[in-house]
Amino acid sequence: MTEAPVVAAPGPAPAPGQRRSSRWLAVLLVATIAVGAYLWVTTIRWQRNSAEWEEKAHEYAEEVASLRMQLDGANSELEAARDQLSTATARITDLANEKAQLGDENVASQQYLDYQTQVSRAAATVASALGQCVSGQEQLVGYLKDAEQYEAADLRRYERQVNALCAEADDANEALQRELRP
Amino acid sequence: MRSPVRRRAGGALVVGALLAGSLAGCGVLPPMPDPVPADIVPSAPADLSPAAGGDALSPDGFDAVERMAVRIRNVGCEELSTGSGFAVDEHTLITNKHVVADSKDLEVSTYDGHDITVGATSTAGLADLAVVRTTDPLPSFPELADADPEPGDPVTVVGYPAGGELTVTEGEVMGTTRDPLNANLGEVLLTNAPVEPGSSGSAALDAKGRVIGVVYAKTADDNSLLVPLSTLQDMLADDTAFTPAKGC
């Protein structure tokens, strides 16, 4: 059996201009498909990226909220600590002042005590001098009662000594009175 | 009817334009996103700095100007008086000559009530100034200013008016004047910062907390007189300016 030879009937050949246009259209189609594919992949990636960022933003938002609460608490504690520090420093100043005033009073009291001691010593000295004056005058009176038994010159000398002693005692007493006068 | 040549040229033009548009569009196509980083928190905040004034904090809540002031009790042979003073270094106090005059014993205490042991005391011959050396260290001391203040400059006085609590008063420099008490050589400063007996020896400070003078008197119209900084500096620089104080 023999096959009949196939004979293609020769058709009209496409014009060269149409072939070039078809080629350009094919290139354009491929390029458009490529761009579309790229855009599709890009969109998917951006969507995934956006979701990750949103998730991270939520995490940080929760952390910020937590930190804000902690900050508010810390600020409250800081304010309370400042108030306590202010109260403590005011109290320290008060105590330092009280200590200083007590120290002043103590020194003033000591000085007054020293003064009183001096005055007491002076008063004792004056009292002693006045006592010696009185004793001398009593002795002199006794001598004068028996004046004929003593030398007149001795009596006059003793009288001068007693008068001098009494004058000194009197001066000391007046000085003491002036010191005690307010 | 259009000729084939013109149709071909038109088609090529359209295809070329579309191709050029496509290629131009590639330039504006969005890039692929970068991967999301695991941690975006910066290691140290760039614009965060310590709070203003943080370096002025003291260890116990008192200001530096309060910490350098001292109260001076002059125990005389017959009477008691009080005055103020301030530290210029760890073991040196400045006060007035009349605060330490006729003294049998000087007792110094700090802002918080601590007693400071006193060593030698010396007084200036040409100004109402005295230097007291201390055995114990003083808690704080200020800087001296660069120059005397000008009229209108603010002034802060830190001391113990009337021997009472540590007090800070403020005013401004009014100018210079001749010393009405003749206790100082040259002119003295006049300010309107309130002072009282017992404030003598207080430090007068400028706006930066630096010493500009030493309070030594109060005028009849309630202004205060200061030994100026320049006089203090001259006296401190002169080895012969201060002589040992005579007790009572």
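Me: What should I keep in mind about the model and its numbering?
Reply: This is a predicted model, in which local features need pLDDT of at least 70 and side-chain atom pairs count only at pLDDT 80 or more, while totals for chains, interfaces and linings use all residues. Residues are numbered from 1 along each chain as its sequence is written, and chains are lettered from A, with ligands numbered from 1, in the order in which they are written.

Me: Why is Leu155(A) called partly exposed?
Reply: A residue is buried if 20 or more other C-beta atoms, placed from the backbone, lie within 10 Å of its own, exposed if 12 or fewer, and partly exposed in between. Leu155(A) has 14 C-beta neighbours inside 10 Å, so it counts as partly exposed.

Me: Where does Leu155(A) sit, and what does it touch?
Reply: Leu155(A) belongs to helix α2 of chain A, residues 152-180; helices are DSSP runs of H or I with at least four residues, strands are E runs of at least two, and both are numbered from the N terminus. Leaving out residues up to four places away in sequence, Leu155(A) touches Tyr143(A), Leu144(A), Ala147(A) and Tyr150(A), where contact means C-beta atoms, placed from the backbone, within 7 Å. For Tyr143(A), the C-alpha to C-alpha distance is 7.4 Å across 12 residues of sequence.

Me: How do you know that the span of α2(A) agrees with its residue count?
Reply: The expected span is 1.5 Å times one less than the number of residues. For the 29 residues of α2(A) that gives 42 Å, and the end C-alpha atoms are 42 Å apart, so the two agree.

Me: What makes α2(A) hardly covered?
Reply: Among its 29 residues, the count of buried ones is 2.

Me: What is the overall make-up of chain B?
Reply: Chain B has 4 helices and 14 strands. Of its 248 residues, 37% are buried. Among contacts in chain B with a separation of 6 or more, 61% join residues 24 or more positions apart.

Me: Why are β5 and β14 of chain B called edge strands?
Reply: Two strands pair if DSSP finds at least two bridges between them. The open sheet of 8 strands in chain B runs β5-β4-β1-β2-β3-β7-β6-β14, with antiparallel pairing. Its edge strands, β5 (115-116) and β14 (242-244) of chain B, each pair on one side only.

Me: What makes up the contact between chains A and B?
Reply: Chain B gives 30 residues and chain A gives 31. On the chain B side, α1(B) has the largest share, with 8 residues. By class, that side has 14 nonpolar, 9 polar and 7 charged residues; nonpolar covers Ala, Val, Leu, Ile, Met, Phe, Trp, Tyr, Cys and Pro, charged covers Asp, Glu, Lys and Arg, and the others, Gly among them, are polar.

Me: Which domains does chain B have, and how far apart are their centres?
Reply: Chain B is assigned domain 1 (63-140 + 239-244) and domain 2 (154-230), with bounds from an automatic or database domain assignment. Their centres, taken over C-alpha atoms, are 17 Å apart. Each domain gives 21 residues to the contact.

Methods. Contact = placed C-beta atoms within 7 Å.
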